[in-house]
Amino acid sequence: MVLKKKKLNSKDASRKLVTALDPKSPISEQYRTIRTNIQYSSIDKEIRAIMVTSSGPAEGKSTTAANLAVTFSQLGKKVLLVDADLRKPTVHHTFGVNNLFGFTTVLTKQKTLDKTILETEEQDLYILTSGPIPPNPAELLSSKSMEQFIEDAKSQFEYIIFDTPPLLAVADPQILANQVDASILVVFSEKTEIDQAKKSKELLENAQSKLLGVVLNHKEVQNGDYYYYYGSK
Ligand SMILES: Nc1ncnc2c1ncn2[C@@H]1O[C@H](COP(=O)(O)OP(=O)(O)O)[C@@H](O)[C@H]1O
Ligand SMILES: [Mg+2]
């Protein structure tokens, strides 16, 4: 069972989530399109634990992960957003909470999952902040405890979305890729180098991860396209 905790106000948070603030906006509609695509990809294999990654820093991993988590919760399914970026965690900033306990606390068995997750203001959306940053993140992520974590989380949540560090910087996302059901690669329009994106795709394939697709973040849209998109809903 999920313990009721203080409700978190994502609308007052320092980093705004467009899908929560303005679900009717064209951007939120784009996130719903990604959600639908993920659901269609689930036909052969159940996809419930999904990680969001990218080649480098500041390409929109956390933004994408958080907005996708909100979008899935808007289907009325219980969703857990996990901050698995144990290098530069941000989920606690996004939701304006402290980060004394979290994912690492659960992995090291100091607390149980249901005592560590936090309810948010979005119905059906729960978060697990990173917790204290350990000296050995990669080791922790490849532990038996991580397998157990995914099993536990799946027994309580319909979807588990993992925010991760950059693929080309550390081994963590590759380790996670091997344990989740599928991964999503974020590419920042006109910033991510094509070679880096290709390399990232290779690393995910090496980790035997099902790559669901690439999210093109920060793509400039023409006014016409923008309204066309909106109108085509
Ligand atoms: N499409 C976008 N438009 C505007 N700002 C964005 C967009 N995507 C990300 N950002 C901003 O860029 C910064 C880095 O994004 P973030 O999601 O934290 O990246 P990462 O998790 O890959 O490091 C944040 O301040 C975020 O709000
Ligand atoms: Mg991030």
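Reader: What does the charged end of lysine 78 sit over?
Author: The ring of phenylalanine 157, at 4.9 Å from its centre. The cut-off for a charge over a ring: NZ of Lys or CZ of Arg within 6 Å of the ring centre and within 35 degrees of the ring normal. This is a predicted model, where local features need pLDDT of at least 70, side-chain atom pairs count only at pLDDT 80 or more, and totals for chains, interfaces and linings use all residues. Side-chain values use heavy atoms, leaving out hydrogens and water.

Reader: And lysine 111, which ring there?
Author: Phenylalanine 101, with the charged end 4.5 Å from the ring centre.

Reader: Switching to ring pairs. How many aromatic pairs?
Author: The structure has 5. Rings of Phe, Tyr and Trp (its six-membered ring) pair with centres within 6.5 Å; planes under 30 degrees apart are stacked, over 60 edge-to-face, the rest tilted. Phenylalanine 103 and phenylalanine 149 pair edge-to-face, 4.9 Å between centres and 65° between planes.

Reader: Where do phenylalanine 103 and phenylalanine 149 sit in the chain?
Author: Phenylalanine 103 is in helix α5 (residues 103–107) and phenylalanine 149 in helix α8 (residues 144–156), 46 residues apart. Helices are DSSP runs of H or I, at least four residues, numbered from the N terminus.

Reader: Why does phenylalanine 103 count as buried?
Author: Because its relative accessibility is 0%, and buried means under 20% relative accessible area with a 1.4 Å probe, protein chains only.

Terms used. Residues numbered from 1 in each chain as written. Chains lettered and ligands numbered in written order. Helix = DSSP H or I, 4+ residues; strand = E, 2+ residues; numbered from the N terminus. Buried < 20%, exposed > 50% of the residue type's maximum accessible area, 1.4 Å probe, protein only.
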